[in-house]
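I am opening a notebook on this structure.

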Amino acid sequence: MPRLPPPMWAELYYNGAWNDITDDLRVATAPVTITRGLTSESTSQAAPTACTCDLDSRNYRYSRRNPTSPLYGLIGRNTPFRVGYTVGSPWAEFADGDPLTYESLFVNDDPALDVTGDLDLRVDIALEDWGRSQILALRAVPSTNYSWVLMIEEGVLAFQWYPDGTWATRTFRTATEAVKGYHGQRLAVRVTLDVDDGAGGHEVRFYLGRTVDDADDEWHLLGEPVTTSSGTTSLFAPSAYMEIGAGFSAHNIATNGGYIPVMRGRAYALQLRDGIGGTVKVDMSTTAAEAGGTTFVDATGLTWSRGGTAALTNKHTRMAGEVPAWPPTRDLSGNDNYVSINPSGVTRRMDAGRKPQDSALLRYLKAQGPIECWPLTDGAETSGGRSLNGSPDMVLDLDAGTAAPKWGQGSLADWIEPVVLLPSGSDGRLKGSTTRAASAASGWSVDFLYAGRQDLDVTIADHGELTDADPRVGFTLGLDVSADEITLTTASVGDTSSSVSLQNTITGAGVFDGRIHHIRLTTQLSGINSVYEIFVDGVSRSVGTATGKASEAVSFIRPTWFYSAVTEDIPSIGYITYWGATAPTAADVYAAAIGFQGERAGARIERLAADAGYSVSVAGESSYQQPMGVQGRKRLRELLAEAAQTDFGFLLDARDRAEIIHRGQSTLWNQAPALVLDFSAGLISPPFRPVDDDKLTENDVSVKREYGSRAARETLDSGEMSVLDVPDGVGRYDTEYTYSLYTDAQARQVASMRVHLGTYAGVRYARITLNLANDRVHAMLDDILRTDVGDLIRLTGLPPDHGPDDVDVLVTGYTEDAGPNGWTITFNCVPGEPWTALTIGVEGRDRIDTAGCELAADLDETATAVDVLTTALYRWVDSATYPTDFPFEVRTGGEVMRVTACTGTTLAQTFTVVRGINGVTKSHSSGQPIRLARPVYIPL
């Protein structure tokens, strides 16, 4: 039974540990409010997670400025904080940091565990790190009896089984695609083994889902089926226990590369079936357990036990963040003293200050730690190029030439800080000196960036003593615009002798087009010789050996420019960088220079956040994430939000840890409902009002690629939401956007996606409020508290004036209030129907609509023969040619009909139908549109 206020807990992190402050949380007198995700259906970026609550401070405990406070000096700005409930069903927590500590749920040997033929294993878990190798579940006693093991190896699901129970027969298969979940994300994973595929082989399939009870069409096939044609297989029925978490056996179960650690995270359920989709042999769910207990009986009568340091707990974390301020508050009498705090997620700090992000290149170089780097991005009033590492500036070399460089006037690319311009009116050179670096004694690399159409030499000299015994060795890269060449010349200077040698010439250099180019020279000491390699834009263009030129660590780098009568495209140079023997690859530095173009959205979020010192994880397969355009000079949160926007996903504070998560758009398509809410059962609280206006309408969308030249435009030209005037459409709603995109083709795809989302014709349910103190709602508490941003909610039993059909909505955010007078959660939502994707082989999602079809004749309330005329190029399938493609359902005028047959092989056809599938039966007029009842779409 629910009670008010609900049982809440709170903790602060200080003295190196989480400390319980539940007794000071004033939930009995003031509500705790948590806001997460998007705040309305029209916002596009999630605000930082926020919380408001009061802490009792009558003993000045939370008065951080009061020296008598027991927490004086321990708490302050951005002290970590977390809060949640102790409610609902428990789960098994495997939380110990040691990867080999024994923690599991296990059931002792029982004949019910035996499956010797086709196997279907499903496990509902939340892993601390989905990319970490770990055992998930097994049935085995090492060294004596083996049956099977389910595991993850570096993010990839793997299944291992033993046909005769011995180690010698171990068979190992891995998924062809990794699990891509954010840290702590709860997923159901499934493996099926078909021991005899009918073709003399066997097959393993891996799936992701929401629960172990998902219907067949709600499981997402992970990669491709793994088929082995060389023989059938079988499973052994051992005398062995079954575990989820695998603590007993962690030290003895090996994989391809050695032993694998045990699971770290949470376990909720395990289901084992005899046959694929067959008889349930084991049906374990921790909902049958009690928090703090040690054993429980599952739905199939098996007794499960808590093993090792595992715990059965129902301690939900609803918000994890930081406390930015500790404002003291008291009542007018002065007798009551409390602190009202507003903890926020870590993304709040990303909005602090106004400093724009450094260019991708500058950030990358700082993170990699070169021996020396002169970006040459100094302002117009400077007298030299400042070093990133505190070495002497790169300054004008007065020994040659008279031309002064033009600081701050050069440009390598729009997304990189302005650099120095080298004037062509006379000769000149810069020189940057550096101390002898031990890390470069056996080899080094020097990079520079160039943009222009002028000649340039860059000389790199070592620390030789200018003696015959220790000559100074220099390498000069010569950029010759007229010949379109880069030459490499070496010089050796002693006290009585010197030599100069042309080592190599790169013809067709391709760097004199005025665009940004990256050039690297790498050397490696080899006796009295130096092996060199020249890279242009990350690609090796020349390799050779400079005989007798044993180069030491670099002493100075000197770029030299020359007089030219041509004044256009005066060269710009910058980011002269000196590395030791372990430099990052030239390809990686070039990728940073061009702003990581083509980088997937999730990878960009991971890199940006990690470089800034934030923990981050991403959900959604990388192959489905959008390739990004140039990373510009923007604030960190802008860049992260830009990547999330391009991917049509969500960027959020993690709910249970101080971390940033991205939920990619691929995770939003074709979801099983997180909640099914029956309005007629009294599950939804007021206000409950559908919105049927034009607020989100977009039927004419132009999308421009940032740093691109042309905009792509997509319009909806026919139908009820089209640009046509009323009554044929709704009129034109034109919008324009700029996206960070890799190609112009993506701009058209994004424009189409925005038109798709902006022309949803149904009513919208922008807010759905649930009263968690309502007994009927409280019975669904486990599912409600699991529901998060990006999940799907299905509304059923709606009033007749809302329409006859169930409605799907996608959660974009929520606000929950828990206090003495109420306990509610309000979900912010957008339509979920547009996120239904075409899926070949999945019933109900494997059929595409015609591009246009209408009734060819009037239809009364009882007719079962429906004449239709396709107005587009491709007709409907006919039942004579495609008998297995029937039945399917269509909708016209609000009535859903089931098509059991179709005759005719031209655009004019006749359906045989069952009327009123959705409870609506009425007359219809000729010319009325008819389409699939539940259309599907091709994902972005």
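My entries follow, one topic at a time. I note at the start that the model is predicted.

**Entry 1: strand 6**

I began with strand 6, residues 103–107. Is it covered or open? I found it mostly covered, with five of its five residues buried. Next I checked where the side chains point. Glu103, Leu105 and Val107 face one way, while Ser104 and Phe106 face the other. In a regular strand, side chains alternate between the two faces of the sheet.

Then I looked for partner strands. Strand 22 (residues 303–308) runs antiparallel to strand 6, and four bridges join them. Strand 16 (residues 242–244) also pairs with strand 6 in the antiparallel sense, over three bridges. I picked Leu105 to follow across. In strand 22, Leu105 stands opposite Arg306. In strand 16, the bridge partner of Leu105 is Ile244.

I traced an open sheet of six strands in the order 52-53-56-55-54-57, with antiparallel pairing. Which strands stand at its edges? They are strand 52 (853–855) and strand 57 (931–932). Each has a single partner strand, so one side of each has no neighbour in the sheet. I looked at strand 57 again. Two bridges join it to strand 54 (residues 888–892). There, Arg891 stands opposite Arg931.

**Entry 2: Val543**

I looked up Val543, which lies in strand 38 (residues 539–546). Is Val543 buried or exposed? Its relative accessible area is 54%. The cut-off for exposed is over 50%. Val543 is therefore exposed. Leaving aside neighbours within four places in sequence, I found Val543 in contact with Asn504, Tyr532 and Glu533. I also checked Gln503, 40 residues away along the chain: its C-alpha atom is separated from that of Val543 by 9.7 Å.

**Entry 3: salt bridges**

How many salt bridges are there? The count comes to 44. I looked at Asp120 and Arg190, whose closest N and O atoms are 2.8 Å apart. Asp120 is in strand 7 and Arg190 in strand 12, so the pair ties together parts 70 residues apart in sequence. Both residues are buried.

Arg318 and Glu816 came next, at 2.9 Å between the closest N and O atoms. Arg318 is in strand 23 and Glu816 in strand 50, 498 residues apart. Both are buried.

I ended with Asp878 and Arg875, at 3.1 Å. Asp878 is buried at 3% relative accessible area, whereas Arg875 is partly exposed at 29%.

Definitions and conventions
Residues numbered from 1 in each chain as written. Predicted model: local features only at pLDDT ≥ 70, side-chain atom pairs only at ≥ 80, totals over all residues. Heavy atoms only, no water. Buried < 20%, exposed > 50% of the residue type's maximum accessible area, 1.4 Å probe, protein only. Pairing = 2+ DSSP bridges. Contact = heavy atoms within 4.5 Å. Salt bridge = Lys/Arg side-chain N within 4 Å of Asp/Glu carboxyl O.
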